[in-house]
Amino acid sequence: MSRHLKALIGPSILNSDLSKLYEESQKLLDNGADYLHLDVMDGQFVPNLTFGHPVVKCLRNRIKDAFFETHMMVSNPEQWISPMADAGVNQYTFHIEPVNNVEDICRKIKESGMKVGVAIKPGTPVSEVEKYISVADMVLIMTVEPGFGGQKFMEDQMEKVRYLRDQYPLLDIEVDGGVGPATIGCCASAGANMIVSGTAVIGSKDQAATIKLLRDTVQKAIL
Ligand code: DX5
Ligand code: ZN
């Protein structure tokens with residue numbers, strides 16, 4: 001694997017105490033998070049609701065320089081591109097399942113100054129997302145059904161990660177859902193380099209140690 005790939009850990013604050021969104025986010029960054037993975041849900045694409053660009057903008061006002069990725073679990077991702085860019089988002093990751101103009105959306109995201117992530121649910125074949133690699137900066141392979149934190153890691157999704165890593169040695173590949181110390185080995189050996197972890201990091205007694213363990217495991221697999 002290439003030494004140009006970086007191991008990056010992006011905790012998800014979904015299962016944290018959201019009344020303390022800023023404090024929880026800052027704590028994760030102080031404990032070594034490389035970026036923040038912000039789960040945006042609209043109650044349509046997934047059966048859950050979280051927060052949108054007004055909240056992200058407030059968080060950005062308090063945290064000036066961290067890399068923010070929004071994971072858009074929404075049925076109309078095009079609608080939120082410009083509000084999220086205005087809120088200070090660095091990477092806009094959206095699901096390709098509900099849209100038929102993926103390339104257009106990728107172009108609009110780039111034009112608004114954000115990086116592009118394309119995401120697939122567990123039931124979507126990897127070939128569906130492979131088509132868009134040339135117009136995206138990152139691919140997200142979901143390792144749970146999107147919608148809720150704290151679900152069980154789906155190891156069968158590693159086949160997709162392995163396939164992409166074999167074909168695209170330099171591609172940023174993110175995994176999300178049920179990832180923690182118990183499952184990071186699978187993710188790292190399959191070739192994922194961007195790691196989202198929610199409950200495993202939030203619930204850990206020593207966040208810094210958990211984040212470091214996740215990063216070290218991925219780093220070893222990259223070298
Ligand atoms: C699931 C979200 C994930 C999730 C991660 O819909 O996209 O980001 O909250 O949390 P854990 O690590 O607890 O599965
Ligand atoms: Zn997510």
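How far is an oxygen atom of ligand 1 from an N or O atom in the side chain of T199? I looked this up and found 2.7 Å. That is a polar contact, here a pair of N or O atoms within 3.5 Å; within protein, one must be able to donate a hydrogen and the other to accept it, and residues adjacent in sequence count only if both atoms are side-chain atoms.

Entry, ground rules. I am working on a predicted model, in which local features need pLDDT of at least 70 and side-chain atom pairs pLDDT 80 or more, while totals for chains, interfaces and linings use all residues. Residues are numbered from 1 along each chain as written, chains are lettered from A and ligands numbered from 1 in written order, and side-chain values use heavy atoms, without hydrogens and water.

Entry, ligand 1. I then checked G198, which has a polar backbone atom 2.7 Å from an oxygen atom of ligand 1. For H71 I noted a polar side-chain atom 3.1 Å from an oxygen atom of ligand 1. Of the 20 residues around the ligand, G147, G150, D176, G198 and T199 come nearest; "around" requires a heavy atom within 4 Å.

Entry, zinc ion (ligand 2). I listed its protein donors as H37 (NE2), D39 (OD), H71 (ND1) and D176 (OD), at 2.1 to 2.2 Å. Donors are N, O and S atoms within 2.8 Å of the metal (3.2 Å for Na, K and Ca), and sites may look incomplete because water is not among the atoms. The six donor atoms subtend angles of 72 to 173°, so the arrangement is octahedral; for six donors this needs opposite ones over 155 degrees apart and all others between 65 and 115. The donor residues are spaced H-x1-D-x31-H-x104-D in sequence. D39 in strand β2 (residues 36-41) and H71 in strand β3 (residues 68-73) link distant parts of the chain, 32 residues apart. Strands are DSSP runs (E, at least two residues), numbered from the N terminus.

Entry, burial. D39 counts as buried because its relative accessibility is 4%, and H71 counts as buried at 0%. The cut-off is under 20% relative accessible area (1.4 Å probe, protein chains only).

Entry, core. I found 62 residues in the largest nonpolar core, and F94, V118, C187 and I195 have the most contacts inside it. Such a core joins buried Ala, Val, Leu, Ile, Met, Phe, Trp, Tyr and Cys residues through side-chain atoms within 4.5 Å. A second, separate core has eight residues, including M138, L140, M194 and V196.

Note on methods
Tetrahedral: all angles 85-135°; square planar, octahedral: opposite > 155°, others 65-115°. Helix = DSSP H or I, 4+ residues; strand = E, 2+ residues; numbered from the N terminus. Buried < 20%, exposed > 50% of the residue type's maximum accessible area, 1.4 Å probe, protein only.
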